[in-house]
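Student: Could we go through this model by question and answer, keeping to what can be computed from its atoms?

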Amino acid sequence: MATARKGASAEKEKSQDLVLVEKVNGIATITINRPNALNALTRDMITDLARIFKSLDRDTDTKVIIITGAGRAFCSGVDLAAAQAVFKGNVKDKENDPVSQMEACRKPIIGAINGYAVTAGFEISLSCDILIASTDAKFVDTHCKFGIFPSWGLSQKLPRIIGINRARELSFTAIPLDAELAERWGLVSRVVTPAELVMTAQKIAEAIIQNQQDMVLHYKKIINDGYKLSFGDALILEKERAYAYYDQMVPEQFAAMQKFISGRSSVSKKPVAKL
């Protein structure tokens, strides 16, 4: 986590207006809403983001979460005016840490990156499960530029996604990574026009919602847990969880599965997986 942008009027703004949440048909869209400061984060905004992700994870009506930014930036990092309050505050408190809450969130998180994602904003984007970028998106790591030690995972996540040498180049130089190259390097799933960005994220969310929701949660967890292990250990973990899952399945679930596969089951009668 690091600084990227200064907003002189940060203390005058109300945090509840700076992070917006809209829920429609199982999709919760979070908008970082401080466009005049390129969505730079104050301490209250950071706390609000953590609280929102924790709340949405518990919300049974929310199936998929989208996060984006208002205006021409996704998030330009921590507001320089708030840097001391953020970095000298209780930074070890996971309850108020949005990245920790995103990592703990069971629901799929889609990042709709509409512009600059700088340092803390870059780290928030790396905590998403799927990244869609507009052609205006740029990813920048300024930890070395400002002399701030990373604490939201950028130094470890980025090398694992794009490769260690590419990550070194981005982090050591603070040179922006544009959307086209980010797609080629595997950081983002696809690049679309700014007008198509949120709509594309919503279509992906809708496709996820059409599937069996408990299995979506299981699948996200096995991917994320396995990614932390060696390949061999991850394969073993998958088998262990699969066998445990099969053991608790009942005949009605297999019958419902067969009906669904044969096309005789409606969306509302999809097989129910047990957590």
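Student: Is Ile 209 buried, partly exposed or exposed?

Tutor: This is a predicted model, in which local features need pLDDT of at least 70 and side-chain atom pairs count only at pLDDT 80 or more, while totals for chains, interfaces and linings use all residues. Residues are numbered from 1 along each chain as its sequence is written, and side-chain values use heavy atoms, with hydrogens and water left out. Buried means under 20% relative accessible area, exposed over 50%, and partly exposed in between, with a 1.4 Å probe and protein chains only. Ile 209 has 22% relative accessibility, so its class is partly exposed.

Student: How far apart in space are Ile 209 and Val 64, C-alpha to C-alpha?

Tutor: Ile 209 sits in helix α10, residues 197-209 (helices are DSSP runs of H or I with at least four residues, strands are E runs of at least two, both numbered from the N terminus). Leaving aside neighbours within four places in sequence, Ile 209 is in contact (heavy atoms within 4.5 Å) with Asn 25, Gly 26, Ile 27, Lys 63 and Val 64. Val 64 is 145 residues away in sequence, and the C-alpha distance is 7.4 Å.

Student: What share of the contacts with a separation of 6 or more joins residues 24 or more positions apart?

Tutor: The chain has 13 helices and 12 strands. Of its 275 residues, 47% are buried. For contacts with a separation of 6 or more, the share from residues 24 or more positions apart is 73%.

Student: Is Thr 29 buried or exposed?

Tutor: Thr 29 belongs to strand β3, residues 27-32. Beyond four places in sequence, Thr 29 touches Leu 20, Val 21, Glu 22 and Ile 66. Its relative accessible area is 13%, so Thr 29 is buried.

Student: What is the volume of the largest pocket?

Tutor: A pocket is an open set of points on a 1 Å grid over the protein atoms alone, where a 1.4 Å probe fits, with protein on both sides within 12 Å along at least five of seven lines; lining residues have an atom within 4 Å of a point. Grid points are joined across faces, edges and corners, and volume is the space filled by probe spheres set on the points. For the largest pocket this gives about 1,200 Å³.

Student: Which element supplies the largest share of the lining of the largest pocket?

Tutor: The lining has 36 residues, with Cys 128, Asp 129, Lys 220, Ile 223 and Asn 224 nearest the pocket centre. They divide into 19 nonpolar, eight polar and nine charged. Elements that each supply at least two residues include α5 (120-126), β9 (130-134) and α11 (213-227). The largest share, 10 residues, comes from α11.

Student: What is the phi of Thr 119 near?

Tutor: Thr 119 lies in the loop between β8 (116-118) and α5. At 0% relative accessibility, Thr 119 is buried. Its phi is positive, in a residue other than glycine, and near 50°.

Student: Over which residues does pLDDT stay under 50?

Tutor: pLDDT is the predictor's confidence in each residue, from 0 to 100. The chain averages 89, and 87% of the residues score at least 70. The stretch under 50, for which the model has 39 contacts beyond four places in sequence, is residues 2-11.

Note on methods
Nonpolar A, V, L, I, M, F, W, Y, C, P; charged D, E, K, R; others polar.
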